[in-house]
Amino acid sequence: MRGTGQSEGNFTIWHSDADDSKDLGDWLVQQPWSNGQIFTIGASADGLAAFRTPDNNPDWLKAQYFIWSSAQGYEIIYPNGAYLSALADMWIRSTVPDQADDLLKIIAENEMKNDWWDALDLTGRFNEIRYPSAFWAGWYDIFLLGNLNAYNGYNYQSDPSVQKASKLVVDPLGHCQDAAIYFPQDLIAGRTALSVMQSLELYGIRPVERTNIKNVTFYVMSSNDEAGLNIANYWTTLEAFPAYKPTKYFLHGDRSVSTSAPKNDASYTDYTFDPSDPVPTQGGNNLAIACGPLDQNVVDGRADVITFQTEAVADDAAVYMTGPLFATLYVSTDAIDTDFMVRISDVYPTGEARLIQDNAVRMRWRNGGLTPQYLSANVNDVYETTLTLWNTSYVLAPGHALRVAITSSNNPRFDVNRNNGILLKDRTPTDVNITAHNRVHHSARYPSHVTLPVVTKLQLPKVHSIMKEVLTAYPTLDVERLNNEYAERLRKAAFPF
């Protein structure tokens, strides 16, 4: 990418990559050794650059493979308007330290979803895709949402000649390599071998004898105790993601969670959020800070975190989930702006509460738009907001419970909202923090809830041996050597600093 590594020029936050890739591709196909066809592969930040290549519709582009990357920018850096400061600040300061201050200023100036972000968003332009594609994502990856949306666009909104032919692998990790210890069954060799096979097939390097590996292959996660290992933590492979039943789990005044809607006329829980004492980050879809399904008990016990929990799953049952998760909150505050964070965790019989997914909403951007919509600062005024918690494939095992935790900070993962309404670009070191008194409603009129993508066990058939399937497709493949070489190349691509 321009301005990174040994490349000359200044990094433009991928705004120059469409023209840069066309210039490079045009030069390559003019060389005497070229056959005029180019396949691209992009991992992490290089993948964001590769998503710019279709902008100029080059006729030499014949296939694309994306690894842990995103065809969207705003939704990754500002999910629901909340600033993922750890991701943006760390990556930019580590990759282009001499340009970092100026680049971070540009990002702060564009905290609303304006046309500056158009260069980083393929939405509405997937119809220009006329070639095969494949994707590798991770459930705990920083780019999960943008990766899945890209697959959806390339697979279902592209030129009819290539629709429903894209390949997708979703492992638990993506960039979050440290989380491998939580998924001990058929993971490491399986994920690399699958992706090697996928890339070879995409590029037509070897003939493929496909057996049980279909277009969408993903890891079905669960807890790493005996119950979870017995019921899940395996690969499944399908022609498409399974159809799920959006199932509402409601919060109640007794701090329970159930599929029954609340009946109380008035019910709410209050907490106080002091920006000078933010809730520390405990895992999640992070880069270069602790990531993955970490135990939330160390933070869930704070006074500024309110928790709600289901009953334990019966011994002869389990809750299977695959698809997007959402939280719909009815909230009040005495500040003109504040954040709300929602975490969904798996509570073990031993008491651990391991994170499944989380996200945030910055209330001034709750409805999107180009100008902030501030709150009345009257705790009697109720606001509805729905935020995406991205996606998962997870099984809540017998004896386990589901916990929903709500708070107003998660730092350093998210920038701390000072509750004063000052935009990021206008902040100064002397800005005053405002302590907010926040309220979450859970009544018949204001039924706060999370919506889970419930599926059945039969919709997630187990692939008993990923390695066997790979070797059936490529009987002469030296899988161990490729595993090691591929993993090292991916590590360098994803972590160039």
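Exposed means over 50% relative accessible area, buried means under 20%, and partly exposed is what falls in between. Keep those cut-offs handy for the close-ups below, which come from a predicted model.

**View A. Lys 164 sits out in the open with a positive phi.** Lys 164 has a relative accessibility of 60%, which is over the 50% cut-off, so it counts as exposed. You'll find Lys 164 in the loop between α6 (144–156) and β4 (167–171). Its phi is positive, about 60°, even though Lys 164 is not a glycine.

**View B. Asn 57 is another non-glycine residue with a positive phi.** Here phi is about 50°. Asn 57 belongs to the loop between α2 and β2 (61–67). With 44% relative accessibility, Asn 57 counts as partly exposed.

View C. Look for the side chain of Ser 166, which makes a polar contact of 2.8 Å with the side chain of Ser 133. Setting aside residues up to four places away in sequence, Ser 133 touches Gln 64, Tyr 154, Ser 166, Lys 167 and Leu 202.

**View D. Ser 44 pairs up with a histidine.** Ser 44 is in the loop between β1 (38–43) and α2 (45–50). It is buried, at 5% relative accessibility. The side chains of Ser 44 and His 175 are joined by a polar contact of 2.7 Å.

**View E. Helices α4 and α5 run past each other.** The pair to pick out is α4 (residues 85–95) and α5 (residues 100–109), whose axes come within 9 Å and cross at roughly 150°. An angle over 145 degrees counts as roughly antiparallel, so that is the label for α4 and α5. The crossing of α4 past α5 is right-handed. On the α4 side, the residues at the meeting point are Ala 88, Asp 89, Ile 92 and Arg 93. Across from them, α5 brings Ala 100, Asp 101, Leu 103, Leu 104 and Ile 107.

View F. Ala 100, Leu 103, Leu 104, Ile 107 and Ala 108 are the buried residues of α5. Looking down the helix axis, these buried residues of α5 fall within an arc of 145°, so they line one face of the helix. What covers them includes α3 (74–77) and α4. Over on the other side of α5, Asp 101, Asp 102 and Lys 105 are exposed.

**View G. Helix α10 also keeps its buried residues on one face.** In α10 (residues 466–473), the buried residues are Ile 466, Glu 469, Val 470 and Ala 473.

View H. The side chain of Ser 409 reaches the backbone nitrogen of Val 279 at 2.8 Å. Neighbours within four places in sequence aside, Ser 409 is in contact with Phe 273, Pro 278, Val 279 and Met 341. Thr 338 is 71 residues away from Ser 409 in sequence, yet their C-alpha atoms are 9.2 Å apart in space. Pro 412 also has its place in the loop between β15 (401–407) and β16 (436–441). The peptide bond joining Asn 411 and Pro 412 is cis, with an omega of about 20°.

**View I. Asn 264 is a loop residue that is partly exposed.** Asn 264 is found between β8 (257–258) and β9 (268–273), and its relative accessibility is 43%, so it counts as partly exposed. Leaving out neighbours within four places in sequence, its contacts are Ser 443 and Ala 444. For a sense of the fold around it, take His 252: Asn 264 is 12 residues from it in sequence and 8.9 Å from it in space, C-alpha to C-alpha.

Note on methods: Residues numbered from 1 in each chain as written. Predicted model: local features only at pLDDT ≥ 70, side-chain atom pairs only at ≥ 80, totals over all residues. Heavy atoms only, no water. Buried < 20%, exposed > 50% of the residue type's maximum accessible area, 1.4 Å probe, protein only. Helix = DSSP H or I, 4+ residues; strand = E, 2+ residues; numbered from the N terminus. Polar contact = N/O pair within 3.5 Å; in protein donor to acceptor, adjacent residues only side chain to side chain. Contact = heavy atoms within 4.5 Å. Axes fitted to C-alpha atoms, helices over the stretch in contact; angles between N-to-C directions. Parallel < 35°, antiparallel > 145°, perpendicular 65-115°, else oblique. Left-handed = near helix turned anticlockwise from the far one by under 90°. Arc of directions from axis to C-beta.
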